[in-house]
Amino acid sequence: DDSVYISTTADYGSGECNVYYYSIEGGSWFRWLKLAVNLVGIVLDEGDSEDIVHFLDEEGFFSQASDSSKLAPWQKIADAGVYSESAKNYGYLNTLRILDGDLYAVGRAGQIYRKRKTDTDWAHFDQGILQRNIDHKTPTENVIDLQDIAGNSEDLYCCGGYGKLFHFSKQKW
């Protein structure tokens, strides 16, 4: 309600971005972090004792920070990304969301990952939607490129390119 976090990249592909923070109470912007990643998601988790800001880059690296601490070490979402050692070549991730307290990351080839509040690791949440056999010959319109996710833990919606929309109801996509 009283703060805004945004990231900017001066030159896409440079592998560097700046995260800015604005406090309505303070009335000014300031650069909070300078990161050597291409961020695709920043979400604020408003906790009871302190707020946590979560960060996701396109390769599937995830970190978090609070107002009172520095950036936590980067954690890799296994299988996500293009160039990292653990990547399965599904493609980049596109966004990060908090739904019912759980974190979700979505991206190309139908990738959906979930990190529950109680978990330390990310897990695939894309059974039945993940495209495992796409390559450079696959027509772009046939690739599931998820752009966003919304809803609650038992009733989720994902939207993607070319008018694709997917629904998760309790147990399956």
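Biologist: Is Cys159 buried, exposed or partly exposed?

Modeller: This is a predicted model, and each value here is computed from it. Cys159 is partly exposed, with a relative accessible area of 35%.

Biologist: How many disulfides does a search of the whole structure find?

Modeller: A disulfide is a covalent bond between the sulfur atoms of two cysteines. The search of the whole structure returns zero disulfides. For Cys158, the closest cysteine sulfur belongs to Cys159, and the 7.4 Å between them is too far for a bond. The cut-off that this reasoning needs is 2.5 Å between the sulfur atoms.

Biologist: The next topic is aromatic rings. How many aromatic pairs are counted?

Modeller: A pair of aromatic rings is described by the distance of the centres and the angle of the planes. The count for this structure comes to five aromatic pairs. In one of them, the ring centres of Tyr104 and Phe125 are 5.9 Å apart and the planes stand at 70°, so the pair is edge-to-face. Tyr104 belongs to strand β9 (residues 102–107) and Phe125 to the loop between β11 and β12, so this pair ties together parts that are 21 residues apart in sequence. Both Tyr104 and Phe125 are buried.

Biologist: What is the geometry of the rings of Phe125 and Trp173?

Modeller: The centres of the Phe125 and Trp173 rings lie 6.2 Å apart with their planes at 80°, so this pair is edge-to-face. The pair links distant parts of the chain, since Phe125 is in the loop between β11 and β12 and Trp173 in the segment after β14 (165–169), 48 residues apart. Phe125 counts as buried at 12% relative accessibility, and Trp173 counts as buried at 19%. Ring pairs link Tyr104, Phe125, Phe168 and Trp173 into a cluster.

Biologist: Which residue lies over the face of Phe61?

Modeller: That residue is Lys76, placed at 5.6 Å from the ring centre of Phe61.

Biologist: I would also like to read the backbone. What is phi of Asp79?

Modeller: Phi of Asp79 is near 85°, a positive value in a residue other than glycine. Asp79 sits in the loop between β7 (75–76) and β8 (93–99), and at 16% relative accessibility it counts as buried. Asn89 is not a glycine either, yet has a positive phi of about 60°. Asn89 is also placed in the loop between β7 and β8, but Asn89 is exposed, with a relative accessible area of 54%.

Biologist: Finally, where is the place of Asn133?

Modeller: Asn133 is found in the loop between β11 (123–124) and β12 (146–152). Asn133 is exposed, with a relative accessible area of 74%. From C-alpha to C-alpha, Asn133 and Ala109 are 9.0 Å apart in space, while 24 residues separate them in sequence.

Conventions. Residues are numbered from 1 along each chain as its sequence is written. This is a predicted model: local features need pLDDT of at least 70, side-chain atom pairs count only at pLDDT 80 or more; totals for chains, interfaces and linings use all residues. Side-chain values use heavy atoms; hydrogens and water are left out. Buried means under 20% relative accessible area, exposed over 50%, partly exposed in between (1.4 Å probe, protein chains only). Helices (H or I, at least four residues) and strands (E, at least two) are DSSP runs, numbered from the N terminus. Rings of Phe, Tyr and Trp (its six-membered ring) pair if their centres lie within 6.5 Å; planes under 30 degrees apart count as stacked, over 60 as edge-to-face and the rest as tilted. A charge sits over a ring if NZ of Lys or CZ of Arg is within 6 Å of the ring centre and within 35 degrees of the ring normal.
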